[in-house]
Amino acid sequence: MIDLYYWPTPNGKKISIMLEECGLPFKLQAVNIGRGEQFTDEFLRISPNNRMPAIVDNETGISVFESGAILMYLAEKSGQFMPAETAPRYEVLQWLFWQIGGLGPMAGQLSHFINYAPEPNPYALERYRNEYDRLLGVMNTRLDNRDFLAGDYSIADMASFPWVAGYKRFDADLDPFPNLRRWFDELKTRPAVRRGMDAGKDWSRPQLTDEKARKILFGQTARSIAKSRSSGGEKQA
Ligand SMILES: N[C@@H](CCC(=O)N[C@@H](CS)C(=O)NCC(=O)O)C(=O)O
């Protein structure tokens, strides 16, 4: 059994999708990031970066944080969604790392400045809007005459899907990207993708715009985290 430390955000959903796709038994362990549960000592032992997702594989005793590393672990364990041969494996890995280092962080910053910044910041908005748009364009070109990002359907597609699925929250449109739209429309009908995207959808979530959650999520420094650890790790703010 795999414990998935999870909250329903795009980075979390990459892993719920993969677990649904590969059929390994798993249990969701909620980490309510708006309430500061990512700072408990128990969680920090698994995920020292105080970010979810993370997994614990109770069969092997191995724990893994960082969504890209988790996807690779699950692909290796299940023998699915990442080829074993070197060339096609690196085809998948380069698109996986492209998502981890590019699409995710750029969309995350864009969402921050659209949805959470206390006042509009036109420079930051333009910068991240352009980057998200550019990256959707890269995907669209890549998907010309191919069904998936790298060979067969793989962890690279699963990693990117939740960050494309959120396009409306990022004030973007898929209409200028017909290949990407086709890929998106196909993936969203997969039963495992739907189940993965729905994981935790009924959990009650604090509004990230509420003052307490804002402080926990957006006011982190090395000092504030060290202070929260010495006071029991519960509340970061
Ligand atoms: N690079 C990390 C990013 C994970 C991440 O940013 N998780 C966010 C939610 S999407 C989180 O746990 N935030 C808690 C916090 O900011 O304290 C990964 O891919 O796993």
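Tyr5 stands opposite Ala54 in E3, and on the E2 side Tyr5 faces Gln29. Before going on: this is a predicted model, in which local features need pLDDT of at least 70 and side-chain atom pairs count only at pLDDT 80 or more, while totals for chains, interfaces and linings use all residues. Residues are numbered from 1 along each chain as its sequence is written.

The strand names come from DSSP runs: helices are H or I with at least four residues, strands are E with at least two, and both are numbered from the N terminus. Two strands pair if DSSP finds at least two bridges between them.

Now to the pairings of E1. Strand E1, residues 2–6, is joined by four bridges to strand E3, residues 54–57, and the two run antiparallel. Between E1 and E2 there are five bridges, and that pair runs parallel. Asp3 has Val56 as its bridge partner in E3 and stands opposite Lys27 in E2.

What is the order of the strands in the sheet? It is E2-E1-E3-E4, four strands in an open sheet with mixed pairing. Strand E2 (26–30) and strand E4 (62–65) are at the edges with a single partner strand each, so one side of each has no neighbour in the sheet. On average, neighbouring strands are turned by 20° against each other, direction ignored.

Is E1 largely enclosed or left open? Four of its five residues are buried, so E1 is largely enclosed by the rest of the structure. Buried here means 20 or more other C-beta atoms within 10 Å of the residue's own, with C-beta atoms placed from the backbone.

Next, the helix. H1, residues 10–22, lies across E1, E2 and E3 and runs at about 155° to E1. E1, H1 and E2 together make a right-handed β-α-β unit; that is, with the strands pointing away from the viewer, the path from the first strand over the helix to the second runs clockwise.

Last, the ligand. The residues surrounding it (C-beta atom, placed from the backbone, within 6 Å) include Thr9, Asn11, Arg51, Glu66 and Leu217. By class, this shell has five nonpolar, five polar and two charged residues.

Definitions and conventions. Axes are lines fitted to C-alpha atoms, for helices over the stretch in contact, and angles run from 0 to 180 degrees between N-to-C directions. Two residues are in contact if their C-beta atoms, placed from the backbone, lie within 7 Å. A residue is buried if 20 or more other C-beta atoms lie within 10 Å of its own, exposed if 12 or fewer, and partly exposed in between; C-beta atoms are placed from the backbone. Ala, Val, Leu, Ile, Met, Phe, Trp, Tyr, Cys and Pro count as nonpolar, Asp, Glu, Lys and Arg as charged, and the others, Gly among them, as polar.
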